[in-house]
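Hi there,

Here is the structure I promised to pass on to you. Have a look at it first, and then read on for what I found in it.

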Amino acid sequence: MTSGLPSRRGILIAGAGLIGIGAAGCYTVSPIVDPGTRESPTITITPRRRAALNTESELAATAKRAAAAATGSAAAMLSAVARMHTIHAGVLAQADPLGGQNADTEPVITPTPAPSSASTLSPLVQLVADEKRAATQYLADAGAAETPGEALLWASLSVFASGVSGQGAPPTQGDAHPMTLPVETLTDARQVLLSRLNALVAGLEWGVGRLPSSDPLHATGAARLDAVEIQRARLRQDLRQASASPTPALPGYQMPATPSTPASTRELWVSLELGVLAGHGRVVAATPGPARSTAIPAMADQAAQLRAYGSGLPAWPGWV
């Protein structure tokens, strides 16, 4: 990390911890959530989970083939995609995929290889097509989920798959993984998201005000700031319609010491965008089943913002 720049944890503390919300990006209990109200984990090996395990294993294999056919940065990116799908499969194969672990424990189920079929498509074209199909299926799986953790598990898989295009920065494993979530209301989750957006606005304003206008990142930040302001206004309206007082922006968000550099500004913005992505994850987890068809695309749109900064997706979007 650039010298003088706070860690991601420090940045998210600045963005959310000032009002007592968990800051490392992992899903933690907000003070407005009753800590005694948690979902009861039900460990079952459902046909849906078996199908997803097969899908992730197949996506990993196709990504490996695509990587072998590519060169340079494209090969590295596709190899990373294969690793992330392997991680997904490892979690799905565990007795409890919400046990708070990555693929570290002995699997209890194994994938069933799909029958081989002749395809005239290149491995990369096949991969992108398969990713889109998987994203659509996981979106439906999330809508049918019965617990917050299960909903975000499928939503995260859907967002990751929808973000694989064969281009851009390689995805990263990160240190987040699915876990059992607390139960909270949609209004409370939206307040968390608003607090993260407030922090992002502060960081964008800070960076845009210090970058030279000739730097391309200046225009990126200015355009993003306008978009986030619109998003905040809509979210505040939703909260007021729910008879809630929107979380106010707080003064004194911790920012890096000046002078800043474009690299440190970009790193700051990526960290804050990841905090917003985690806020969208909370909204998805708190949203009733039928309405997740709207909440998950909003989460995917947020994940896509990372590409504007040249950053790759985390393995588990929404859990960061």
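Helix H8, residues 262-286, packs against helix H9, residues 292-308, with the two axes 9 Å apart and an angle of about 170° between them. Since angles over 145 degrees count as roughly antiparallel, H8 and H9 are therefore roughly antiparallel to each other. Please keep in mind that this is a predicted model.

If you want to browse the contact yourself, the H8 side consists of Val270, Glu273, Leu274, Val276, Leu277, His280, Gly281 and Val284. On the H9 side you will find Arg292, Ala295, Ile296, Ala298, Met299, Gln302, Ala303, Gln305 and Leu306. Sorted by class, the residues where H8 meets H9 are 11 nonpolar, four polar and two charged.

Another residue to look at in helix H8 is Ser264. Ser264 has a relative accessibility of 7%, and because buried means under 20%, Ser264 counts as buried. A polar atom of the Ser264 side chain lies 2.9 Å from the backbone oxygen of Thr261.

Now for the chain as a whole. Of its 320 residues, 49% count as buried. Among contacts with a separation of 6 or more, 81% are between residues 24 or more positions apart. The chain exposes about 13900 Å², with 56% of that supplied by carbon and sulfur atoms.

Happy browsing, and write back with any questions!

Best wishes

How values were computed. Residues are numbered from 1 along each chain as its sequence is written. This is a predicted model: local features need pLDDT of at least 70, side-chain atom pairs count only at pLDDT 80 or more; totals for chains, interfaces and linings use all residues. Side-chain values use heavy atoms; hydrogens and water are left out. Buried means under 20% relative accessible area, exposed over 50%, partly exposed in between (1.4 Å probe, protein chains only). Contact means heavy atoms within 4.5 Å. Accessible areas come from the Shrake-Rupley method with a 1.4 Å probe; for residues, only the protein chains shown count as cover. Axes are lines fitted to C-alpha atoms, for helices over the stretch in contact, and angles run from 0 to 180 degrees between N-to-C directions. Helices (H or I, at least four residues) and strands (E, at least two) are DSSP runs, numbered from the N terminus. Angles under 35 degrees count as roughly parallel, over 145 as roughly antiparallel, 65 to 115 as roughly perpendicular and the rest as oblique. Ala, Val, Leu, Ile, Met, Phe, Trp, Tyr, Cys and Pro count as nonpolar, Asp, Glu, Lys and Arg as charged, and the others, Gly among them, as polar. A polar contact is a pair of N or O atoms within 3.5 Å; within protein, one must be able to donate a hydrogen and the other to accept it, and residues adjacent in sequence count only if both atoms are side-chain atoms.
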